[in-house]
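Hi,

Here's the structure I promised to pass along.

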Amino acid sequence: MNEFDFLSVLVSVIFAFGVAHLLAGAGRAIYRSKQVPFDEVQVVFTGATLLILILNWWVFFLWRTKNAWTFDVFLILIGWVGSFYLLAIFLYPPGATESQTYREIFDRTRSGYYGSLIAGALLDILLTGIRGELFHPLWYLPFVGHYAVLATVAMGLRKRGFDRFTAWYLLITLLAWSLIARRYLGDI
């Protein structure tokens, strides 16, 4: 077993816990839908977050060629995967009561969600720089960076309409990126 194989086990477990938590939360929401109606923002962010978790789990495979691992890179990597895990936790917090609506839950945890999104984007940029691919391809930095800017604006505005826009924008652009752009731009 090489270092990547060893480290990828922990990273995969964290991503898997995030996916499992998100699916369990969505399942509870479906189960409770007669008592507590769906919230559009919550539903769309759930789809976007699922895509973020799966896409970044896949992208982690780019690290397979790294031969010399250091503890500081490992810590940054754990922060990166942890920030994505927290997206699922903030969408479906463990302490949410049965009486809360999903809109109330998101309104209460929105700063944590957007903060985790910002942290994930910034740590992704840092890790890509460590891998030596910050400007390869040239559009990587503006693409990932604009998500951090969008989340910062959304966190500061605290407007329901902008939350809705952010959720749909995130979902649509990530779907386009992962299913269309990556295929034709030569990414993995």
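Below is what I found, going from the overall fold to a few residues.

First off, bear in mind that this is a predicted model. The chain has 6 helices and 0 strands, so the globule rule is a handy check on its overall size: for 188 residues the rule gives 16 Å, and the radius of gyration here is 17 Å, which makes the chain as compact as a globular protein of that length. Along the principal axes, the C-alpha atoms fill a box of roughly 50 × 35 × 30 Å. Of the contacts with a separation of 6 or more, 77% are between residues 24 or more positions apart.

On to the inside. Buried residues come to 43% of the chain. The largest nonpolar core has 48 residues, and the ones touching the most other members are Phe45, Trp63, Leu77, Trp80, Tyr113 and Leu170. Helices 1, 2, 3, 4, 5 and 6 each give two or more residues to this core. Another core, of 5 residues, lies apart from it and includes Ile125, Tyr140, Val144 and Ala148. Back at phenylalanine 45, its contacts beyond four places in sequence include Leu91, Phe106, Tyr114, Asp163 and Thr166.

As for the surface, the accessible area is about 9,800 Å², with 70% belonging to carbon and sulfur atoms. There are 15 positive and 12 negative side chains, and the centres of the two sets are 7 Å apart.

At a relative accessible area of 24%, histidine 146 counts as partly exposed.

Cheers

Terms used:
Residues are numbered from 1 along each chain as its sequence is written. This is a predicted model: local features need pLDDT of at least 70, side-chain atom pairs count only at pLDDT 80 or more; totals for chains, interfaces and linings use all residues. Side-chain values use heavy atoms; hydrogens and water are left out. Buried means under 20% relative accessible area, exposed over 50%, partly exposed in between (1.4 Å probe, protein chains only). A nonpolar core is a set of buried Ala, Val, Leu, Ile, Met, Phe, Trp, Tyr and Cys residues joined through side-chain atoms within 4.5 Å. Helices (H or I, at least four residues) and strands (E, at least two) are DSSP runs, numbered from the N terminus. Contact means heavy atoms within 4.5 Å. The radius of gyration is taken over C-alpha atoms; the globule rule is 2.2 Å times the number of residues to the power 0.38. Accessible areas come from the Shrake-Rupley method with a 1.4 Å probe; for residues, only the protein chains shown count as cover. Lys and Arg count as positive and Asp and Glu as negative; His and the chain ends are not counted. The place of a charge is taken as NZ of Lys, CZ of Arg, CG of Asp or CD of Glu.
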